[in-house]
Each structure stands twice: as structure tokens, then as C-alpha cells.
Amino acid sequence: MRCMNCDIIPLTEIPTPADYMVSLETFIMMTKAGVLEIVYQNHPIELVFAGHTGNKVKFFHQFRCKNCGTIYGMFVNTLSGGEIKINDKVFDPAEYGNSEIPGGESR
Ligand SMILES: [Zn+2]
């Protein structure tokens, strides 16, 4: 279960690009602070935050709380929105036909 270090992470929908920017900033800050570690990303989070999306519209980032091990997954389609959820395990593209994101094609 979640711990005091990570239970401030909102498990919520990300309806707008502005919400996505806030979520990205939060995760970047918590990673830099050493609370979380990035365990999967289909595009470098700092580049996404800077607007360098490499023509991708779907982004998936996973973070693990270094204290309690809870894994957080943030999937966003920049055209339709996204959400932050707790994931059971670290994403392995090989389990999804080498897709970069769960349940979807690479692009
Ligand atoms: Zn935690």
C-alpha cells in the first residue's frame, strides 16, 4: 500500500494538457527529490515537460516509490486525456507485442 512519502500523488484523471503539465512537474520534482524513481518511460519525461514530444501523442511513465515500492503509472493521450493509476508491476513491452504503451500500438 501507499506510504506517507507517496500518498500525496493524486490517483486521478488528467483531462487537459494543463493538468498533464502539473502532473509531469510533480513527478519530476518527486523524482529529483529521491522519493520516486522512474522505472519505465516511452519518452524522456523532461523532454515531454519541455514540449519536445517527438511527434508522439501517447505517453506512458511509471514511477516506483523508493520507500514502499508502490508503482504509479501515468498514461496520457495528449489528444484525449489520461490518468494516474497504481500499477501492479513494471511495464514490460515484450508482454504487449513490443508496444511502447500498455494496450496500444507504439504511435
Ligand atoms: Zn510510498
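These legends describe close-up views of one predicted protein model. Local features are described where pLDDT is at least 70, side-chain atom pairs count only at pLDDT 80 or more, and totals for chains, interfaces and linings use all residues. Residues are numbered from 1 along each chain as its sequence is written.

**View 1**
Helices (H or I, at least four residues) and strands (E, at least two) are DSSP runs, numbered from the N terminus. From that end, the elements run β-α-β-α-β-β-β. The C-alpha atoms fill a box of roughly 35 × 30 × 20 Å along the principal axes. The radius of gyration, taken over C-alpha atoms, is compared with a globule rule: 2.2 Å times the number of residues to the power 0.38. For 107 residues, a compact globule would come out near 13 Å, and the protein has 13 Å, which agrees. Of the 107 residues, 24% count as buried. Buried means that 20 or more other C-beta atoms lie within 10 Å of a residue's own; exposed means 12 or fewer; partly exposed is in between, with C-beta atoms placed from the backbone. Two residues are in contact if their C-beta atoms, placed from the backbone, lie within 7 Å. Among contacts between residues at least 6 apart in sequence, 54% join residues at least 24 apart.

**View 2. Five strands make an open sheet.**
Strands of a sheet pair through backbone hydrogen bonds, either parallel or antiparallel. Here the order is β1-β5-β4-β3-β2, and the pairing is antiparallel. β1 and β2 (36-41) stand at the edges with a single partner strand each, so one side of each has no neighbour in the sheet. Two strands count as paired if DSSP finds at least two bridges between them.

**View 3. Strand β3 (residues 58-65) pairs with β2 and with β4.**
The β2 side has 5 bridges. There, Tyr40 stands opposite Gln62, and Gln41 has His61 as its bridge partner. The β4 side has 7 bridges, again antiparallel. β3 is mostly covered, with 6 of its 8 residues buried.

**View 4. Two hairpins lead from β3 to β4 and from β4 to β5.**
The hairpin of β3 and β4 has 5 residues between the strands. Within this hairpin, Gly69 takes a positive phi near 85°. A hairpin of 3 residues joins β4 to β5. These two strands pair in the antiparallel sense over 7 bridges. Gly73 in this pairing stands opposite Lys85 in β5. β4 is mostly covered: 5 of its 7 residues are buried.

**View 5. Helix α1 (residues 17-32) lies across β1, β2, β3, β4 (71-77) and β5 (81-87).**
The helix runs at about 125° to β2. Axes are lines fitted to C-alpha atoms, for helices over the stretch in contact, and angles run from 0 to 180 degrees between N-to-C directions. The expected span of a helix is 1.5 Å times one less than its number of residues. For the 16 residues of α1 that gives 22 Å, and the end C-alpha atoms are 22 Å apart, which agrees. After α1 comes Gly34, whose phi is positive, near 85°.

**View 6. Helix α1 has a buried side and exposed residues on the other.**
Tyr20, Ser23, Leu24, Phe27 and Met30 of α1 are buried. They cover an arc of only 135° around the axis, which puts them on the same side of α1. That arc is taken from the directions from the helix axis to the C-beta atoms. The cover over the buried residues of α1 includes β1, β2, α2 (45-49), β3, β4 and β5. On the other side, Ala18, Glu25, Met29 and Lys32 are exposed.

**View 7. Glu13 sits in strand β1 (residues 13-14).**
Glu13 counts as exposed because it has 12 C-beta neighbours inside 10 Å. Leaving aside residues up to four places away in sequence, Glu13 touches Gly81 and Glu83. Glu13 and Met74 are 61 residues apart in sequence. In space, their C-alpha atoms are 9.5 Å apart.
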